[in-house]
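Hi everyone, thanks for coming.

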Amino acid sequence: MFLTSPCFHHTQSNTTCWTRPAVDRVVIIVLDALRFDFVAPSSFFKESKPWMDRLPVLQKLASTEGTSARIFKAIADPPTTSLQRLKGLTTGGLPTFIDVGNSFGAPAIVEDNFIHQLVSNGKRVVMMGDDTWVQLFPHHFKKILSLPHLSMLRIFIRYAVDNGCIEHLFPSLYEEDWDVLIAHFLGVDHAGHIFGVDSIPMIDKLEQYNAMLEKVIEVIGSQSGPGGIHENTFLLVMGDHGQTINGDHGGGTAEEVETSIFAMSFKEPPSSMPSEIDSSSCEINLDHKRTFISSVQQLDFAVTVSALLGVPFPFGSIGRVSPELYALGAGTWNLERVNVGNCSNRLKVEEWMQNYCNVLSSILGRYIFLSKF
């Protein structure tokens, strides 16, 4: 059942969400079964492993001053299978182990969800890759690209899914007919299931992803200047769940529930956040560069990205707006680093802070609304 979010208000001309969008476009690249240690620098762990540091482009951007990029440890809730994780990511709720029976024939989601709210509010969504998305949201996507039939059942076609994603992803980045682009790659999940994490096919796949992501960031960055189609685009590279050393997932071990989100804004970098809301830990690598990594719950994904795009939260979501993710996409936290003597800067900061207060107020209003039932 789809219900109107309490963040809606009525005006004489139209009905809109009263939290203004902080970003115009979002690119969501899902790397299935992306373990946390595939993304975080090996210096974060007691022992270095062969599969670590294979995505150096993400680590470099997250540790370079002057870039608006950050690595997050994302905590998933079991069951850690793709169907349940996509359901949790888009509804902001908690799937159950009963849903596991649907993993190879997913029914359409009937609960209010992030994708439904996007489409209902005029956002154009393009999807490519894992056809689980189409099973869950059969009537929502403006375009569906690179969709091998039943990719979840035919495991050897998963490399074809990745190749199809790459084939369609880069031309799509030059197009203006979408607001949210979702590309779901399956190769790491496949390599883990067949060969295990500690294998040459896994390393090869991660290195392929690194080259792909490097090009994605280059393409978006080249069009992020004033007036460019990616002037206000937010990039998210994320896993749906992790995997054990043998490539298994579905349960609740740390290896299975700990995945990653790499987030990058192509606007000017935000100022540092005050310590009371900054949950990051820091490591210094061999190049004496600091990498800050925060933790975020996957339950927070739907409401945080909804807030950034200015659409209502999924009605049944129990997540919260992640302050670090929102700050990265939307602007600055620390007023001390802003030239408040500049009237334009002061008004911009005040507008941003007011918008974030509105986001938090809308969450409070929703819970008050729900408490009446």
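Let's start with F262: buried or exposed? In this predicted model, F262 has a relative accessible area of 1%. The cut-off for buried is under 20%, so F262 counts as buried. You'll find F262 in strand β9, which runs over residues 258-265.

What does F262 touch, if we skip its neighbours within four places in sequence? There's quite a list: L58, L61, A62, A69, R70, I71, I217, L235, L236 and V237. Keep I217 in mind, we'll meet that one again. Also, G239 is 23 residues away from F262 along the chain, and their C-alpha atoms are separated by 9.4 Å.

Okay, next stop: strand β7, residues 180-185. How many of its six residues are buried? Six of the six, so β7 is largely enclosed by the rest of the structure. Take the two faces in turn.

Now on to a helix. α8 covers residues 200-222.

Which residues of α8 are buried? Among them are M202, L206, Y209, L213, V216, I217 and I220. That's the I217 in contact with F262. Here's a handy bit of background: an α-helix has 3.6 residues a turn, so residues three or four places apart point the same way.

G192 has a relative accessible area of 0%, so it counts as buried. Along the chain, G192 and M202 are ten residues apart, and 6.8 Å separates their C-alpha atoms. Those two are in contact, and G192 also touches Q243, N246 and G247, leaving aside neighbours within four places in sequence.

One more residue: H230. Where is it? H230 is in the loop between α8 and β8, which is residues 233-238. Even so, H230 is buried, at 0% relative accessibility. Its side chain reaches the backbone oxygen of L173 at 2.8 Å. Beyond residues up to four places away in sequence, H230 touches R25, L173, W178, I220, Q223, S224 and F266. I220 is one of the buried residues of α8.

Let's zoom out to finish. The whole protein has twelve helices and eleven strands. Of its 373 residues, 55% count as buried. Take contacts between residues at least 6 apart in sequence: 69% of them join residues at least 24 apart. And the surface? The protein exposes about 15,900 Å², with carbon and sulfur atoms supplying 56% of that.

That's my tour. Over to you!

Conventions: Residues numbered from 1 in each chain as written. Predicted model: local features only at pLDDT ≥ 70, side-chain atom pairs only at ≥ 80, totals over all residues. Heavy atoms only, no water. Buried < 20%, exposed > 50% of the residue type's maximum accessible area, 1.4 Å probe, protein only. Helix = DSSP H or I, 4+ residues; strand = E, 2+ residues; numbered from the N terminus. Contact = heavy atoms within 4.5 Å. Areas by Shrake-Rupley, 256 points an atom, 1.4 Å probe, with all protein chains shown as cover. Polar contact = N/O pair within 3.5 Å; in protein donor to acceptor, adjacent residues only side chain to side chain.
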